[in-house]
Amino acid sequence: MRPLRPRAVAAVLIALGAGAAVLSPTAQAAPAAPADTRAATAPSPGLLQAMQRDLHLTKGEAEHRLLAERRATALDQRVRSLAGSSYAGSWFDASTGRLTVASTDPSLTGGLRAAGADVRRADYSAAQLDATKKHLDAASAPPGVAAWRVDPRANRVVVDVVADQRTDNDVRAFVAKALKSGPVQVREVRAAPRTFAAGTVGGDPYYTGNVRCSIGFSVQGGFVSAGHCGQPGAGVSGWDHSYIGTFQGSSFPDNDYSWVSVGSGWWTVPVVLGWGTVPDQLVRGSNVAPVGASICRSGSTTHWHCGTVLAQNETVNYSQGAVHQLTKTNVCAEPGDSGGSFISGDQAQGVTSGGWGNCSSGGETWFQPINEILNRYGLRLHTA
């Protein structure tokens, strides 16, 4: 999304199959029709290396996992439809390499297994759990309550409370009301999440005012990022401090997404930066990876790191206010990584919102799902 040096431009054009074509500031490279699907979706060596490093896998294990996750993602929508009103959630089980679906109706077990999923019996449907979570979303949570989400494996709405603040009167009152609202389980966490914006420092970021954030994904006409990085109408400059464009839309809290229009000699490409750690990654779509799937993140501070999807549709209680429908991961991040790309294989997943911890001692990070951003602003993801 930045003006690229000639070698980088040539590499992008070759990767996209654009030959000797020249990109104008607003032109889009025509996607190449791959000779065979397997070659087009084969993971890059860099992605495999990152998964080996962060998920402690061998190369063969990483390749096998990506293939299994691709199959599970494709199966996920089918089992949701088959389960109907009995659907109680689904997740990828890395130990078996299969998708597990929870259902409140035992009579559907045979059909769900025949479709290719493992099945777990549940007491509460996803609709019932979502209703309980919606009740909590309408409440005002004190700072000691870190987040809450539907956990399909626990078949409960799980409320995370910062361990050293659990005895706080406001926290205790919130927990008491939550437990009365429906099937709720309370867990302790080490720290509360925060956003990952940062003051102006060196790197390969974008800037608005004295805030540095990271580009998420290219869309037709610009890029998407985090909402806490800037307000509508705010100007944006790039890594070289040249003018990029303007925030056209932004929402934070409640949501944490934004989109920036691109002009002034900048253009968009369907690429996530690998920062020299891995090769730059092409973006080919935005199919949602299930809970349990591997996922990687690119940001301007800590660059490229991988981990696992821990939960979806989680409400995170930042000091600025609650943000809804975030996805939780165990990928690390640090200030300045806000807005950066979360990608699973070659599928865009979302933009970095916030978290706790760092990339030295570890932590957890949440992202705003990309498809919600695209739908909200009527944008089209730029894909290879």
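These legends go with close-up views of a predicted model.

**View A. The second largest pocket.** Here we look into a pocket with a volume of about 680 Å³. Of the 29 residues lining this pocket, Arg80, Val288, Gln312, Asn313 and Thr327 sit closest to its centre. Strand 1 (87–93) is the top contributor to the lining, giving 4 residues. Other elements that supply at least two residues each include helix 4 (59–83), helix 6 (126–137), strand 19 (303–318) and helix 8 (370–377).

**View B. The largest cavity.** The structure has 1 cavity of 30 Å³ or more, and the volume of the largest cavity comes to about 40 Å³. Its lining includes Ala146, Ala147 and Ala191, along with Trp356 and Trp366. Also in that lining are Asp160, Glu314, Lys328 and Glu364. Strand 4 (145–151) and strand 23 are the elements that give two or more residues. Sorted by class, the lining of the largest cavity has 7 nonpolar and 4 charged residues, with no polar ones.

**View C. The Cys213–Cys229 disulfide.** This is one of 3 disulfides found in the whole structure, and the sulfur atoms of Cys213 and Cys229 are 2.0 Å apart. The torsion about their S-S bond is about -90°, so the disulfide is left-handed. Cys213 belongs to strand 10 (residues 211–213), while Cys229 is in the loop between strand 12 (222–225) and strand 13 (235–237), so the bond ties together parts 16 residues apart in sequence. Cys213 is buried at 1% relative accessibility, and Cys229 is buried too, at 3%.

**View D. The Cys296–Cys306 disulfide.** Cys296 and Cys306 are joined with an S to S distance of 2.0 Å. Their link is right-handed, with 95° about the S-S bond. Cys296 is in strand 18 (residues 294–299) and Cys306 in strand 19, 10 residues apart. Both ends are tucked away: Cys296 is buried with a relative accessible area of 3%, and Cys306 is buried with 6%.

**View E. The Cys332–Cys359 disulfide.** Cys332 bonds to Cys359, again at 2.0 Å from S to S. With a torsion of about 100° about the S-S bond, this disulfide is right-handed. Cys332 is in the loop between strand 20 and strand 21 (341–344), and Cys359 is in the loop between strand 22 and strand 23, 27 residues apart. Cys332 counts as buried at 11% relative accessibility. Cys359, at 23%, is partly exposed. Counting bonded cysteines along the chain, the disulfides follow the pattern 1-2, 3-4, 5-6.

Conventions: Residues numbered from 1 in each chain as written. Predicted model: local features only at pLDDT ≥ 70, side-chain atom pairs only at ≥ 80, totals over all residues. Heavy atoms only, no water. 1 Å grid on protein atoms, 1.4 Å probe; cavity = no way out; pocket = protein on both sides within 12 Å on 5 of 7 lines; lining within 4 Å. Points joined across faces, edges and corners; volume = space filled by probe spheres on them. Nonpolar A, V, L, I, M, F, W, Y, C, P; charged D, E, K, R; others polar. Disulfide = S-S within 2.5 Å. Buried < 20%, exposed > 50% of the residue type's maximum accessible area, 1.4 Å probe, protein only.
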